[in-house]
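Hello,

Here is the structure I promised to hand over. Please open it first, then read my notes below.

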Amino acid sequence: MSELKKYKELALGGNIEKGGTAVDFKTGDWRSSRPVYNPENCIQCLFCWVYCPDSAVILKDGKVAGFNLEHCKGCGICAHECPGKKKVKAIVMEEEVK
Amino acid sequence: MQKIILAKTGNEAMALAMKQVNPDVVAAYPITPATEIVQIFSQYVADGEVKTEFVAVESEHSAMSACIGSCAAGARTMTGTSSQGLALMYEMIYIAAGLRLPIVMADVNRALSAPINIHCDHSDSMGCRDAGWVHIFSENAQEAYDSMIQAVRIAEHKDVRLPVMVTTDGFIISHGMERIDTLPDAEVQNFIGKYDPLMHLLDVKKPFTIGAINLTDYYFEHRRAMVDAQNNSLKVIKEVGAEFGKKFDTGYGLIEKYQLDDAEVAIVALGSTCGTAKVVIDQLRAKGVKAGLLKIRVFRPFPTEEIAKALENIKTVAVLDRSDSVGGFGGPVFTEIRSALYGSAKRPQIAGFVYGLGGREIDMEQIEGLFMDLKAGKVKADSVSYLGVRE
């Protein structure tokens with residue numbers, strides 16, 4: 001609690017006075033299912049990266065390297081769009097309870 | 001500086017003030033009895049007399065939403081409404097204040113349904129009194145004109161940054177023709193100055209987020225900051241009113257005392273009723289009755305200290321409320337004033353009178369009768385009565 005600001009220290013009207021701050025706001029704990037990545041079936045089409053609504057697909061050297069689960073909300077769009085290799089998907093959704 | 005004398009209704013006066021302010025955006029939806037304000041203004045737009053972008057929306061909720069968007073984008077923004085229209089804006093009224101957007105709105109006070117009614121009482125704007133807006137009442141069209149111009153300065157002041165609502169009384173002021181002194185366009189522009197939005201969404205070099213969620217951690221702090229802004233506005237309203245007076249001869253404060261300092265009996269009122277009361281007071285003074293009036297011009301922020309001081313030497317005070325807080329102890333003006341006086345060592349006897357709902361006429365005889373009842377000790381202290389209703 002000690003790092004919370006007092007009211008006189010806040011920006012006018014609750015403005016957040018810079019861009020790109022969503023990365024600091026962890027929202028992944030809403031998720032009820034998570035994407036599981038199987039690189040063997042991945043053709044590196046990057047559809048998952050394009051379609052992810054919350055930039056939760058991590059790229060490394062232009063290739064899919066996994067998911068940022070602090071921001072992934074488990075919507076499953078990546079798994080839905082994934083064409084996979086020979087009709088076997090590289091992304092499948094798994095329930096969090098498992 | 002030569003003033004321009006014109007015959008104007010309250011609505012025409014407010015539309016003229018808006019024209020001379022020449023805001024960047026007006027978003028509005030028509031409603032009786034405020035329709036003319038934006039109708040006349042839209043004619044100014046059509047005739048090219050203002051540079052304003054006029055947004056014709058599909059409801060008042062959308063009107064205030066569009067105002068919030070345009071103000072956040074950095075545009076000087078104004079609107080006008082009344083009654084059910086203001087009620088439909090209610091959700092957005094709180095958002096405009098919470099986001100600290102200096103929108104200026106004309107509200108023509110009108111009763112709220114049901115029963116449906118188009119005439120004056122103050123229930124519409126009083127319903128917004130806790131939202132964080134600066135709330136100014138007008139006694140006549142002249143005050144409405146002058147306050148609309150001052151409102152721009154008050155709202156945009158760096159220590160305030162709150163939306164401002166300037167009200168008139170439906171039909172009584174909005175449709176009553178008066179002689180008013182108006183200012184040349186250039187004088188109005190000089191007075192209000194250039195708008196500095198501080199931060200705005202169209203500034204691509206400084207991206208920022210507006211309207212982010214605040215949960216248990218920060219909501220309270222942001223509302224608390226609004227309390228400071230309201231308190232700061234007490235000083236700013238007085239400074240702007242004094243500067244207006246210095247430049248244009250008619251100064252404004254938070255309250256106005258009329259024959260009050262040596263009064264034995266006094267009434268407190270807002271809006272057009274103050275004009276009627278002044279005439280009655282002049283007549284009573286000629287007969288030797290020491291009657292006086294405390295007019296409240298600014299209801300938010302509530303000028304607690306000034307009011308307590310202004311009333312401390314009066315024997316008996318009647319507070320007139322043109323709206324009722326149904327189920328509460330008296331109307332909003334009564335409860336505020338009674339609370340303001342509670343801490344004073346010297347305080348008058350006080351009684352509340354709810355009057356004029358739905359445009360019910362209050363005439364000189366009624367006000368005179370009230371003064372005479374106060375003088376004769378016939379008014380029961382700490383009571384609330386309904387003046388002019390058939391009981």
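**How the two domains of chain B meet**

The centres of domain 1 of chain B and domain 2 of chain B, taken over C-alpha atoms, lie 28 Å apart. The contact (heavy atoms within 4.5 Å) takes 28 residues from domain 1 and 26 residues from domain 2. Domain 1 covers 4-248 and domain 2 covers 255-387; such bounds come from an automatic or database domain assignment.

A word on the source. This is a predicted model, where local features need pLDDT of at least 70, side-chain atom pairs count only at pLDDT 80 or more, and totals for chains, interfaces and linings use all residues. Residues are numbered from 1 along each chain as its sequence is written, chains are lettered from A and ligands numbered from 1 in the order in which they are written, and side-chain values use heavy atoms, with hydrogens and water left out.

Now the interface. About 2,100 Å² is buried between the two domains (accessible area, 1.4 Å probe, that two parts lose on being put together, summed over both). Carbon and sulfur atoms give 54% of that area.

The rule finds five salt bridges across this interface (a side-chain nitrogen of Lys or Arg within 4 Å of a carboxyl oxygen of Asp or Glu). B:Lys295 also forms a salt bridge with B:Glu139. Their closest N and O atoms are 2.8 Å apart.

Which elements of domain 1 give two or more residues to the side that touches domain 2? They are helix H5 (123-126), strand E6 (134-137), helix H6 (141-156) and helix H8 (219-248) of chain B. Helices (H or I, at least four residues) and strands (E, at least two) are DSSP runs, numbered from the N terminus. H8(B) gives the most to that side, with five residues.

Best wishes
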